[in-house]
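Reader: Could you take me through this model step by step, so that I can see what each answer rests on?

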Amino acid sequence: MSPMTSLSASQRLQAFANPARFMALSARLLAPLWVVSLGFLGVGLYYALFASPPDYQQGETVRIMYVHVPSAWLAMFGYSVMAMASAVALIFRHPLADLCAKSAAPIGAAFTFLALVTGALWGKPMWGAWWVWDARLTSVLILFFLYLGYMALWTAIEEPTRAARAAAVLALVGAINVPIIRYSVDWWNTLHQPASVFRMDGPTIAPEMLLPLALMAFGFTFLFVTLLLVRMRAEILRHRVRMLRLAQAAARAED
Amino acid sequence: MVEFFHMGGYAAYVWPVYALGLLVPLALAVQSLADYRRQLRLAEALEREAGGRVRRAAHKPDTEQGL
């Protein structure tokens, strides 16, 4: 009946140990993580809005970058986390890997949405268009749909272990999109500007703009990790609720 | 001050970006925490309500679950 009966005794033991240890460890990490996330974001916002100069070409619209670029990084980081966790789940059957992938998806989707919308709000004044169907924008839109498809798959399949496997396969197939997004600005002609921070020859962005960008990026990254832990904890509890209900039903059937 | 809010004529683009940059993560955080609390309440209620019986049942090999 239960998905765990097919596992060996040692795997069952591991399944018990890891989530319990995870719950204890994450409970201790959460408060400092919230503080660090909000700290970076608070200082980052100050530099982004007040203590950094306007761009000599883009004027004040350069401040859009401090939200847009970290969101776009986190959009890809989130998918990478999801794909790696899915690979670990498929190969090693680690009990937390599926929960990690499932929990990363809505966070990644939210940052992808943020990257797309803030990109449109930057595109209009700088390019004269909210949207263009070029390689960078289109591949990020596909990333957004991959997230939505992944989440839909989890809800579409009733049985969690089967849902997890199908979703993991989708996440891995979709991972091909991540390097396409990264190199889209080099491989195709595009309106979107190329990388100016993570370059082989070092950053070309001005230092006074790199600082708010880095602060916001750290803030968003810590927030991502914080929310990932909160959601994974909720998933572990959801699993426990499901098991308690199954046990309740089994006990009732015995009466 | 007025100049700051004016954003060099780009207020209509810059401020919505910051509003969304705050609202989207905030909404996600609120939803994540609410879901966590809901699952915690459910799990505690089930454990309480069931008392010892479900716990005994849950420890039988057939229904033993790790998480």
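Author: One definition is needed before the rest: a residue is buried if 20 or more other C-beta atoms lie within 10 Å of its own, exposed if 12 or fewer, and partly exposed in between. The model discussed here is predicted.

Reader: How many of the residues of α3(A) are buried?
Author: Helix α3 of chain A covers residues 97-127, and each of its residues can be judged by the cut-off of 20 or more other C-beta atoms within 10 Å. The helix is largely enclosed by the rest of the structure, because the number of buried residues among its 31 is 23.

Reader: Which residue follows α3(A), and what is its phi?
Author: The helix ends at residue 127. What follows α3(A) is a glycine with a positive phi, namely A:Gly128, near 85°.

Reader: Is A:Arg93 buried or partly exposed?
Author: Most residues other than glycine have a negative phi. A:Arg93, although not a glycine, has a positive phi of about 55°, and its place is in the loop between α2 (65-92) and α3 of chain A. Since a residue needs 20 or more neighbours to be buried and 12 or fewer to be exposed, A:Arg93, with 14 C-beta neighbours inside 10 Å, counts as partly exposed.

Reader: Is B:Met7 buried or exposed?
Author: B:Met7 lies in the loop between α1 (2-6) and α2 (11-58) of chain B, and its phi is positive, about 50°, although it is not a glycine. Because B:Met7 has 20 other C-beta atoms within 10 Å, it counts as buried.

Reader: Over which residues of chain B is the pLDDT below 50?
Author: Chain B averages a pLDDT of 82, and 76% of the residues score at least 70. One stretch of chain B is below 50, although it has 30 contacts in the model beyond near neighbours in sequence. Where pLDDT is low, the predicted coordinates should not be read in detail. The stretch in question is residues 60-67.

Reader: How many helices are there in chain A?
Author: Read along the sequence, chain A follows the pattern α-α-α-α-α-α-α. With zero strands in chain A, the number of helices is seven.

Terms used. Residues numbered from 1 in each chain as written. Chains lettered and ligands numbered in written order. Predicted model: local features only at pLDDT ≥ 70, side-chain atom pairs only at ≥ 80, totals over all residues. Helix = DSSP H or I, 4+ residues; strand = E, 2+ residues; numbered from the N terminus. pLDDT = per-residue confidence, 0-100. Contact = placed C-beta atoms within 7 Å. Expected span 1.5 Å × (residues − 1).
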